[in-house]
Amino acid sequence: MNHCTLIAPAKINLYLEIIGDRPDGFHELAMVMQSITLADRIDLQLNDTDTIRVRCDNGDVPADNTNLAYRAAALMADRFADRFADRGAVDITIDKRIPVAAGLAGGSSNAAAVLVGIDLLWDLGLTRSELQELGEVLGSDIPFCISGGTALVTGRGETISPLPALGGLYVVLGKYRSLQVSTPWAYKTYRQQFGSQYVSDAAGLEERRHRVHSGPMVAAILHQNGSQIGKLLHNDLQKVVLPAHPPVAKLRDALAASGGLGAMMSGSGPSVFALCESEAQAQDIYAKVRSDFPDPDLELWVTQLNPNGIEVD
Ligand code: C5P
């Protein structure tokens with residue numbers, strides 16, 4: 001095998017709670033993450049050289065060693081040097097459909113696909129949790145992107161408790177094409193404004209983690225109760241990102257008032273979404289938002305919840 005193609009889905013956050021600071025400088029989080037069917041395609045080809053190459057049709061995506069997909073391949077080459085010497089490097093071609101710097105984990109999902117694909121091309125036989133440990137080195141969202149579906153995600157992003165797949169729900173997703181939000185900026189600003197409320201002691205952190213595990217959002221998912229999930233959508237980062245970007249706040253409000261199950265910003269934004277009980281409802285909301293927001297800079301998608309993470313095509 002010298003070639004493979006992988007599907008790398010985007011994610012949204014149904015829930016994102018910032019609990020406190022971690023000793024490693026990151027934030028302690030409690031999230032419910034959900035894969036969606038909006039996905040990039042990642043093509044990997046062994047190239048018989050020792051040079052990793054990245055190609056992407058989207059000018060916003062770097063094709064050099066700053067690309068997370070490149071860094072994933074470099075990490076594999078470093079950790080499995082014998083196999084790298086034997087099988088050679090990869091050409092990585094990214095067919096980009098997930099908007100960049102949008103709070104949808106597009107870059108993380110690409111890196112997750114590269115880890116999964118190189119494991120196959122080099123016959124490494126790594127387990128999912130071994131791949132997730134490698135992913136964690138590169139970025140907090142990568143472990144989730146590997147397994148995908150619906151999951152409660154805690155710690156920095158590395159502790160994943162799978163939840164049952166949510167059947168039948170749709171999402172209308174919106175993002176202003178020209179607007180990107182830096183994730184470090186969002187967390188730094190949140191810390192400046194709300195850091196005094198952070199939980200810092202070990203018992204307090206454990207209590208907050210436990211509260212989310214046995215809390216209403218997880219219960220609503222276990223009961224497949226879409227309307228309850230819609231009411232419980234939550235994202236602490238909205239408190240800093242929406243005031244800084246009034247058009248995004250306006251779009252979120254319009255999605256919330258559109259008759260769907262609920263609306264929220266995903267991750268550190270600026271994409272916002274409405275959760276919908278059916279494809280018909282999603283198409284109605286899409287049409288209404290499209291006509292109320294004729295701005296050509298606004299990109300909209302109708303997409304579905306996805307029970308899968310990285311898949312081989
Ligand atoms: O891990 P990743 O590189 O995706 O994180 C991007 C940024 O988001 C980090 O540099 C940090 O500022 C912030 N972050 C955080 N706590 C987390 C995850 C991310 O503070 N658990």
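This is a predicted model: local features need pLDDT of at least 70, side-chain atom pairs count only at pLDDT 80 or more; totals for chains, interfaces and linings use all residues.
Figure 1. Helix α11 spans residues 246–256, and its buried residues are Val-248, Ala-249, Leu-251, Arg-252 and Leu-255. These residues lie on the same side of α11, because they cover an arc of only 160° around the axis. Pro-246 and Lys-250 are exposed and sit on the face of α11 turned away from the buried side. An α-helix has 3.6 residues a turn, so residues three or four places apart point the same way.

**Figure 2. The buried face of helix α4.** Leu-131, Gln-132, Leu-134, Gly-135 and Leu-138 are the buried residues of α4. Seen down the axis of α4, they fall within an arc of 160°, so they line one face of the helix. Packed against these buried residues are the helices α1, α3 and α5 (142–147) and the strand β6 (159–163).

**Figure 3. Contact of helix α1 with helix α4.** Helix α1 (residues 68–79) packs on helix α4 (residues 128–138) at an angle of about 125°, and the two axes are 10 Å apart. The angle makes α1 oblique to α4. The crossing of these two helices is right-handed. On the α1 side the contact involves Leu-68, Arg-71, Ala-72, Leu-75, Met-76 and Arg-79, and on the α4 side Leu-134, Val-137 and Leu-138. Sorted by class, the residues of this contact are seven nonpolar, no polar and two charged. Leu-134 and Leu-138 are also among the buried residues of α4.

**Figure 4. Contact of helix α3 with helix α4.** The axes of α3 and α4 cross at roughly 130° and come within 10 Å. The two helices are therefore oblique to each other. Their crossing is right-handed. Leu-115, Val-116 and Asp-119 of α3 meet Leu-131, Leu-134 and Gly-135 of α4. The contact of α3 with α4 has four nonpolar residues, one polar and one charged. Leu-134 of α4 also takes part in the contact with α1.

**Figure 5. Loop residues with a positive phi.** Asp-48 is found in the loop between β2 (27–46) and β3 (53–56). The phi of Asp-48 is near 60°, a positive value in a residue other than glycine. Asp-48 has a relative accessibility of 76% and counts as exposed, since the cut-off for exposed is over 50%. Ala-101 lies in the loop between β4 (90–95) and α3 (106–121). The phi of Ala-101 is positive too, near 50°. At 36% relative accessibility, Ala-101 counts as partly exposed. Most residues other than glycine have a negative phi.

**Figure 6. The cis peptide bond between Gly-269 and Pro-270.** Gly-269 and Pro-270 are joined by a cis peptide bond, with omega about 5°. Pro-270 is placed in the loop between β9 and β10. Most peptide bonds are trans.

Conventions
Residues are numbered from 1 along each chain as its sequence is written. Side-chain values use heavy atoms; hydrogens and water are left out. Axes are lines fitted to C-alpha atoms, for helices over the stretch in contact, and angles run from 0 to 180 degrees between N-to-C directions. Helices (H or I, at least four residues) and strands (E, at least two) are DSSP runs, numbered from the N terminus. Angles under 35 degrees count as roughly parallel, over 145 as roughly antiparallel, 65 to 115 as roughly perpendicular and the rest as oblique. A crossing is left-handed if the near helix is turned anticlockwise from the far one by less than a right angle, and right-handed if clockwise. Contact means heavy atoms within 4.5 Å. Ala, Val, Leu, Ile, Met, Phe, Trp, Tyr, Cys and Pro count as nonpolar, Asp, Glu, Lys and Arg as charged, and the others, Gly among them, as polar. Buried means under 20% relative accessible area, exposed over 50%, partly exposed in between (1.4 Å probe, protein chains only). The arc is that of the directions from the helix axis to the C-beta atoms.
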